[in-house]
Structures are given as structure tokens and as C-alpha cells.
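Have the sequence and the model side by side for this one.

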Amino acid sequence: MESILEAILRFLFEAVFQFILYGTGWVLIPALTLGLVHSEDFNSKAAPGRSYYWRDRKGIVLSTDMTMLVGLLFWVSVVVAAFTYFNR
């Protein structure tokens, strides 16, 4: 019973964590690149052989993984900045 509960909690944590990171990256990428780069849809996966980014008719597209990495880097920088500011 404990392992089932652990699996459910792990799934929920990963789903929420990925959604937050993707959402942050999805907002940041077009804002920082002035609309030149956009993110792949969350549910779609890159076709085999595709890179972490590619070009389409709208511009450069970042994969879901790269979008989440941008979100992660943002939140890590926020934590580092907050830690630095509050521990002077």
C-alpha cells in the first residue's frame, strides 16, 4: 500500500513540477526573444531525429524539454537572487 501511495505522490509531484516549469518557459521564451522563438506544444513530442530546437514558418521552435529547462533556470536564478538578497 505504501509503494502505491508513493507512486501516486511521485506522479503528482512530477506532473505539477513539469507543468510549472513549462508554463514559466512558455511565457519567458517569447517575451525574452521578442516573439522570434516559441515553444512546442506541451502534449506534442519532437519527431525522431529532431533537435532541441528547429525552424518552422513561425520562426524557431524550442522543444518541450528545452522550454522546461528555461523555466528551471529562471526559478533557480530567482532562488539564488532571493537567497543573496536576504542573507546580506
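T64 is found in helix α2; helices here are DSSP runs of H or I with at least four residues, strands are E runs of at least two, and both are numbered from the N terminus. This is a predicted model, where local features need pLDDT of at least 70 and side-chain atom pairs count only at pLDDT 80 or more, while totals for chains, interfaces and linings use all residues. Residues are numbered from 1 along each chain as its sequence is written, and side-chain values use heavy atoms, with hydrogens and water left out.

Is T64 buried or exposed? T64 is buried, because its relative accessible area is 4% (buried means under 20%, exposed over 50%, partly exposed in between, with a 1.4 Å probe and protein chains only). Leaving aside residues up to four places away in sequence, T64 touches Y22, E40, D41, F42 and S44, where contact means heavy atoms within 4.5 Å.

Now for the helix itself. α2 covers residues 64-86, which makes 23 residues, and its first and last C-alpha are 33 Å apart, close to the expected 33 Å (the expected span is 1.5 Å times one less than the number of residues).

Next, the strands, which count as paired if DSSP finds at least two bridges between them. Here are the two pairings:

| Strands | Sense | Bridges |
|---|---|---|
| β2 (residues 53-56) and β3 (residues 59-62) | antiparallel | four bridges |
| β1 and β3 | parallel | three bridges |

β2 and β3 make a hairpin, with two residues between them. Across from I60 in β3 you'll find R55, and V37 also stands opposite I60. Y53, meanwhile, faces L62 in β3.

Finally, look at the surface. M1, I4, L5, I8, L9, F11 and L12 form a nonpolar patch with about 800 Å² of accessible area together. Patch residues have over 30% relative accessible area and no salt bridge; like charges are joined within 9 Å, and nonpolar side chains (Val, Leu, Ile, Met, Phe, Trp, Tyr) within 5 Å. A salt bridge is a side-chain nitrogen of Lys or Arg within 4 Å of a carboxyl oxygen of Asp or Glu. Areas come from the Shrake-Rupley method with a 1.4 Å probe, and for residues only the protein chains shown count as cover.
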